Structures are given as C-alpha cells and as structure tokens.
Amino acid sequence: MFDPTYTDEQNALIQTARKFTRESIIPVAHDYDEAEKFPVDVFKAAFDLGLMNIEIPEAYGGLGYHTLDGCIVSEELAYGCAAIATSVMCNHLGALPLLVAGTEEQKQKHLRRLTEEFIFISYACSEPEAGSDVASMKTRLVRDGNGWRLTGQKRWITNAGHASIFTGFATLDPALGHRGITAFVVDSDRPGISIGKKEKKLGQRASETCDVIFEDVPLTDADILGEPGKGFYVAMEVFDRSRPMIGSQCAGMIRRCLDESARYAKERKTFGKPIAEHQAIQFMIAEMAMAYETTRLLYNKAAWEVDKGIRRTNTSAIAKCVGADSVVKCAADAVQVFGGYGYTREYPVEKIYRDAKLMQIYEGTSQVQRMVIAKNILARG
C-alpha cells in the first residue's frame, strides 16, 4: 500500500539537496537567468555531490537510487531554479531509453560514462512537426548494408549544445505510424551530427534548448535500442517514468511561491496593516498550500508506482498535469500578492511565473495529458 512517509535515507537526501539549493542555486539563479547562461559550474557541483544521474544502478557505477529518490531531489532543486532542475533532470531523461531498452553492453558503455565523467546525455524526441504526437515524427532510419543511416531534425532538445550522448527516436517509414518508431543511442561527435541555434525563451533561460540535426549519420546495430519498430513503446515507458519528476519540479516551484508570498505578505502593509491580514491574500496563500500538498502527494504516488512496477500511465499523467496547471496558477497568484513589485525582476516570483509556463508544455502538454487520462479511463472494462 502506498505510504508517503520518507525513510531516514530519503530525508538525508532531501537535506543534502536543500542545502545545495540554498547555497549553490538560489544565490546565482537570477544572474544566470538574466544572462541566459548555462551554469556549468553549478551542474559540475551537483554531479560531484551525487545529485545528477541519481537513478543509474550500482552495476554501472551509479548510486542505485529509485524514481521517488530522484523526484524528491528534483523538487528541492526546482525550489531554487526550475531551469537548473530541468537540465539536471535531463540526464535522467536521456538515460531512460537505455535503462528501459538497452542491452547489457549498451548500458555498460553509456551509463558508466555518465557516472565516471561529468557529461550530459540529451533526449532527442520532439521534431518541428512532432512534439506530443510522437508517432508523426519524420526523422528516418534507413538500412545501409550491415548498418543504418539516420537523417532528420529534432527540436526543443534540452542540453543539446553540451551533450556528449543522444538517445532518440526515428522512423523506419512515416507511413507505418507508431509501428515504425525505433530508438537509438549515438555519441554527439558522430559524423553528420550538428547543433542548431540556442532558442531565446520566455523562461527557464539557464537551461539551453537547441535543434539537433542528423545528416546521413552512420549507425550500427549496436546503436539501436530494443527491437526496430518497437521504439514507440520505449518512448511511452520513458514518459511514464519521467512525468512524476515533472510533477516534483512543479511541487518545488509551488512551495517557493508559497514561501515567498507568505514572507512578503507579513512584511508589506496596506491600509495600516500587513496584507497578510487581508482575506483576499489569505485565500491565495491557502490555495498555494493546497496545491503544494496535492502535487506532492500525486508525484509521490506516481513515483512509488514506478518503483513498485505498477502500471502507472494515468497516475504519471495526472501528477504531471495537476502539477503543471497548479504551478502556473500559483505563480500568477504570487505575482499578484507582490503587486507591482511582483512584475519586476527585483523579486523571484517574476522568474517563477515565466519558468512555470513550460511545465504545461514539455513532455506532453496539459491537453495531451488529459487525452491520455481520458483514454485510459474509457478503455477500462
């Protein structure tokens, strides 16, 4: 039975991540956002502390933590900066196709690199005309003698300009729909791979997002993850396992909105008394507290189901969707609590408001999550 109580080890992990966030993320988050600069030094410090690649098994040099462990770390990092949490989480996302479908040789080769070196692995799934609709991708994987040739363009790829490894998906034939999708893994220095321009984004600006272009890239059978034509199922399994972490990031951002709003409401005065004494403000703060508890419990349950091997498509989708919609509302209310000051870059709620919107978009929009949820419910006998 689901139990939301954390172990002593998990509580110690929370304290480690919380201390790192307080000392290494919050003091620099504003400056990196303003400069739209990728904070390599922060990521290196997270790697050295063991906060990156947290779910890689001990067999490949990792710590062997579980999905719930990764989620509670992600919540703490997102409290400090959603962009930094996203780029740290991306290594987990990029490694998931290997964990889901990789052979022992593929795991030893690629996962061990992630634990022995400070490198990034990016997840190359979305395309200019295929984001949430994975089955519509156009990137082609064509047999070439004893090997393969990979050609296509991937879009919105987190950490792409810094990645040493890409995991991704291509189709054997667009006419096959989801039955043609095939997963692959490839080093970024393979001939034919290039990186597009860095996107100029509304928020999460310390996390870099670029196109990845594959031009007649040579692959071997050792670069194919799982069975050719079965990659769609790999992608769906990846999303089931990664969406709880999006929910955890939302929880961290909501908690930051709550803390900042409560602190400011007790300091700011109008009509001769702190605004915390006005019912309108109290209601917004209460809504944030409710949203945090709801989102935290949902991502905990979704992650617990992943770790227990329970079918969790709906739970993961609900955790992601509720968290994403809640953090956008909470961030808007936090700006409202701060009034005019909330609209300036002097206070952190302006940045959280911009950062929050992405949570409703990446790894499946909130509308797609609703489609997934409804489809699973209606399919029940």
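The lining of the largest cavity has eight nonpolar, four polar and no charged residues (nonpolar: Ala, Val, Leu, Ile, Met, Phe, Trp, Tyr, Cys and Pro; charged: Asp, Glu, Lys and Arg; polar: the others, Gly among them). The model is predicted: local features need pLDDT of at least 70, side-chain atom pairs count only at pLDDT 80 or more, and totals for chains, interfaces and linings use all residues. Residues are numbered from 1 along each chain as its sequence is written, and side-chain values use heavy atoms, without hydrogens and water.

**Cavities**
- On a 1 Å grid over the protein atoms alone, a cavity is a set of points where a 1.4 Å probe fits but cannot get out, a pocket is an open set with protein on both sides within 12 Å along at least five of seven lines, and lining residues have an atom within 4 Å of a point.
- Three cavities of 30 Å³ or more are counted.
- The largest cavity holds about 90 Å³ (points are joined across faces, edges and corners; a volume is the space filled by probe spheres set on the points).
- Its lining includes Leu51, His92 and Met245.

**Largest pocket**
- Its volume is about 1,300 Å³.
- Of its 46 lining residues, Ser132, Phe239, Arg243, Glu363 and Gly364 lie nearest the centre.
- The lining has 21 nonpolar, 13 polar and twelve charged residues.

**Second largest pocket**
- This pocket has a volume of about 240 Å³.
- Ala29, His30, Arg256, Pro348 and Lys351 are the closest to its centre, among 18 lining residues.
- Ten lining residues are nonpolar, two polar and six charged.
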